[in-house]
Amino acid sequence: MYLTREEEKMLDGEYGETVRRFMELLVKLGDIYGAERMVEVGSAQIAGISYKNIGDPGLEFLEEVSREARVRVPAFMNPAGMDLSRWKEIGIPEEFAEKQMRVVRALTRMGVFPAATCTPYLSGLLPRFGEHIAWAESSAVIYANSILGARTNREGGPSALAAAVTGRTPYYGLHLEENRQPQVRIDVEAKVKGEYGFSVLAYAVTKQIKKEIPYFRGVRGSPDEMKTFGATLAAYGALALYHAEGVTPEQVKVPREGIEIGEKELREAEEEIREEYSDVDLVVLGCPHFSVAQVKRLLDLLNGRSFRAPVWVFLSYGVRSILEREGLVRELEERNVKLLSDMCAVVAPLDVMGIKSAVTNSGKMYRYLPATNGVKTYLDSLENIVEVLAE
Ligand code: F3S
């Protein structure tokens, strides 16, 4: 692989042993995927943050590399296994919290921004159209590629960290123009609405395609709806990019081959994933992390009522601060709704906290919560969740 003088210096250890190891990892990755060179990245988003996922080996690795390495580009971390300030309030075990904070401290020592979110684009890290980036979390990756028109592969935790430290990533995959063209056209002939509706649509789509880059016609969601749509596509398929007529910014050649998804397909998808529920241990919202507008919509739907079951809404620290300033955090807490920042239920230790059942409006959360925490999970629209569980 061709390396610039600066990249060679990194590989030769002129910036220290840790930078050398990270550059070596990227070169190996580039060799595997046939990259001819590196490309400079504008930012990194680093996964593998939750102590639940990485355990002691991951923690020790991060503490070791943090003694020497510093990030070269703006970098955010993916959600952790707990709210970094309010973990006690939600019953996170002390030992977990102590280790989780060590992970976060190691990353911040390296210069990673001290905010853990899967929606960095709602918290000040907004890549430009065509900018090369190295992001790891699958919903953030598909949003950045599709809605923002930035360019990233679906990085793993170590490769995103290596990109943050070196400011480089191998130039292959979705960094290359020719690999970003759609391969299949999907005509959606049905009205789709809300995070739940877009989750069902994404589920129906991934029954038909798993990896091909789709070009959608008839899909026109709000940014928040597209956020949930992309997250669910990435969760059920291995998708990292889609194009949608009138929504996404890239100029592409529309494929001739088309699949149609109409009311019938959506009904069938819904029959497979929808189940009745009357009570749950927890309502889980904010997957991907909620925006200010989504939280306000929840408050409108409640219309003075309170939830019978505890509700956790995940969001970034930045979004939470805005809501706090408007007095909405307190208002929601009076209605049994906690706004939690920096965390995600999928990587929280729910299994040891005794949570056995949950309902969510996100297809991605519905997919992963049972697998990672053994929680019986239901999928429903926000409107219905409020109707069933608020009084
Ligand atoms: Fe974000 Fe966790 Fe969902 S990382 S996209 S809240 S599964």
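Predicted model: local features only at pLDDT ≥ 70, side-chain atom pairs only at ≥ 80, totals over all residues.
Local features are taken at pLDDT of at least 70 and side-chain atom pairs only at pLDDT 80 or more, while totals for chains, interfaces and linings use all residues. Residues are numbered from 1 along each chain as its sequence is written, and side-chain values use heavy atoms, without hydrogens and water.

Helices (DSSP runs of H or I, at least four residues) and strands (runs of E, at least two) are numbered from the N terminus. Strands are taken as paired if DSSP finds at least two bridges between them. Strand β6 (residues 184–189) runs parallel to β9 and is joined to it by 5 bridges. In this pairing, arginine 185 stands opposite glycine 258 of β9.

Strand β2 (residues 44–46) is joined to β4 by 2 bridges, and glutamine 45 stands opposite tryptophan 135 in β4.

Helices α8 (residues 223–236) and α13 (residues 363–373) have axes that come within 7 Å and cross at roughly 35 degrees. The contact involves Ala231, Thr232, Ala234, Ala235 and Tyr236 of α8 and Gly363, Lys364, Tyr366, Arg367 and Tyr368 of α13. By class, these are 6 nonpolar, 2 polar and 2 charged residues; Ala, Val, Leu, Ile, Met, Phe, Trp, Tyr, Cys and Pro count as nonpolar, Asp, Glu, Lys and Arg as charged, and the others, Gly among them, as polar.

The ligand is surrounded by Pro79, Cys118, Glu137, Ser139, Gly286, Cys287, Pro288, Cys344, Val346 and Lys364, each with a heavy atom within 4 Å of the ligand. This shell divides into 6 nonpolar, 2 polar and 2 charged residues. Strand β10 (residues 282–290) gives the most to the shell, with 3 residues. Proline 288, found in β10, is joined to cysteine 287 by a cis peptide bond with omega of about -5 degrees.

Asparagine 303 has a positive phi of about 45 degrees although it is not a glycine. Asparagine 303 lies in the loop between α10 (292–302) and β11 (311–315).

Methods
Axes fitted to C-alpha atoms, helices over the stretch in contact; angles between N-to-C directions. Contact = heavy atoms within 4.5 Å.
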